[in-house]
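Trainee: I've got the file loaded and I'd like to go through its side chains with you. Can we look at it together?

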Amino acid sequence: MSASASPLAACENCTAALHGDFCHQCGQSAHSPVRSFGHAVEEVFESFWHLDGRIFRTLRQLLLPGRLAASYLAGHRARYVPPMRLFVILSVLTFFVARLAVHVDGGTFIQQTATPPEVPGAFRDATSSAEVEQVRRALVAPLAQSRQAMPERLRAPLDTAIEKVEKQAVRRNQELAAQPAGVAATAPVAVKPKAPASTGGHSKPVQIDGLPDFVNHWLDGKAAAIRKNLPRVSENPQLAVNAFFSSVPSVLFVLVPLFALLLKVFYLGSGRLYLEHLVVALYSHAFLCVGLLGVLLLSMLGTPLAGIPGADILIGLAIAGVLVWMPIYLLVMQRRVYGESWLVTSLKFTVLGWLYFSVVTVATALLALASLANI
């Protein structure tokens, strides 16, 4: 403290008598940054260095399966960054790095196709093989183009959708072939209500049986926006990648509480509250972010180390090791936190993992499509 700064007898915030460097009533520091230049500088850096120290201490514990979650749930919380804050920091950092690490080239990334002709609606309205083919092309074209815009690991849901469309086309052709001669050509076509104004009056490129109308309307609007954005994405596909990774942290704020709910269901007899399961979910996803960040950083090393013999092999092995360790870590963490036998834990881990992976797959596909529509 500077020589001109005199000690305070009472807290400037709540007027309580001071007996140390901090007020015992409100916690405010007894050192005023406006009375001493040294304390003014200290205040600027204090929060950062304090948080920084806790982050490294927290990360060391996080890397040990279940250690940090068990310690936090046991009440040892002062030395660690709170799970929500840790998750926010790591998720934002990870997907910021993902935007830097994942690059795609333009030009031939998406093949341009002609705008599909107007179609008579769903397959059930097609009265000839030519109309069935018209519908099939119109449905498959945007899905195929969207598929090309996605990384290889994210294409499975779109492949499934394309396969479903192909099967519907085959089934409708079989129905038409089974009709008596002359019936298919003269059968009246059902007149559908005019599309709502929000869809721009175009016929629906996507119509999935069994889904509510509002969902089909939403998909219809997204498909129209995707078709509109495809030329921009073809010229600069990095736009789609950036939009996708920018949206992931927001989606995780929905998926993490859902994962905590699944933990609550699977461990009903554990006596733990939902918020305790949420702590486990937050630390689980925080570790997954650390693992993914490690994979991204390792992949970024490939370019500067390309000229070193064997470097690509070592990097590939390191990435494979991280990817293999991630599910093992989660299994050990689940065993350590909940304390059940390895057999029971493995069974629950398998079923829980399958359910959650299914949800994540659907969420990823929807996010990918939404990203293409919101560029």
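Trainee: Let's start with Glu133: is it buried, partly exposed or exposed?
Mentor: The cut-offs are under 20% relative accessible area for buried, over 50% for exposed and partly exposed in between, with a 1.4 Å probe and protein chains only. Glu133 comes out at 28%. So Glu133 is partly exposed.

Trainee: Before we go on, what pLDDT do side-chain atom pairs need to count here?
Mentor: Residues are numbered from 1 along each chain as its sequence is written, and side-chain values use heavy atoms, leaving out hydrogens and water. This is a predicted model, so totals for chains, interfaces and linings use all residues, local features need pLDDT of at least 70, and side-chain atom pairs count only at pLDDT 80 or more.

Trainee: Which residue does Glu133 meet in a salt bridge at 2.8 Å?
Mentor: A salt bridge here means a side-chain nitrogen of Lys or Arg within 4 Å of a carboxyl oxygen of Asp or Glu. The N to O distance is 2.8 Å, and the partner is Arg136.

Trainee: Is Arg136 buried or exposed?
Mentor: Its relative accessible area is 18%. Since buried means under 20%, Arg136 counts as buried.

Trainee: Which three residues does that make a network of salt bridges?
Mentor: Glu166 is partly exposed, at 30% relative accessible area. The linked residues are Glu133, Arg136 and Glu166.

Trainee: And how far apart are the closest N and O atoms of Lys167 and Glu163?
Mentor: These two are 4 residues apart in helix α5, so about one helical turn separates them. Glu163 is partly exposed at 44%. Their salt bridge has its closest N and O atoms at 3.4 Å.

Trainee: How many salt bridges does the rule give?
Mentor: Side chains of opposite charge can pair when their charged atoms come close. By the rule above, the count is 6.

Trainee: Are the rings of Tyr72 and Tyr283 stacked or edge-to-face?
Mentor: Rings of Phe, Tyr and Trp (its six-membered ring) pair if their centres lie within 6.5 Å; planes under 30 degrees apart are stacked, over 60 edge-to-face and the rest tilted. The structure holds 6 aromatic pairs. Here the centres are 6.0 Å apart and the planes are at 75°, so the pair is edge-to-face.

Trainee: How many residues apart in sequence are the parts that this pair of Tyr72 and Tyr283 ties together?
Mentor: Tyr72 lies in helix α2 and Tyr283 in helix α9, so the sequence separation is 211 residues.
Both are buried, Tyr72 at 17% and Tyr283 at 1%. To repeat the value, it's 211 residues.

Trainee: Which residue lies over the face of Tyr72?
Mentor: A charge sits over a ring if NZ of Lys or CZ of Arg is within 6 Å of the ring centre and within 35 degrees of the ring normal. The distance from the ring centre is 5.8 Å, and the residue is Arg77.

Trainee: And which one lies over the face of Tyr267?
Mentor: Here the distance from the ring centre is 4.2 Å. The residue is Lys348.
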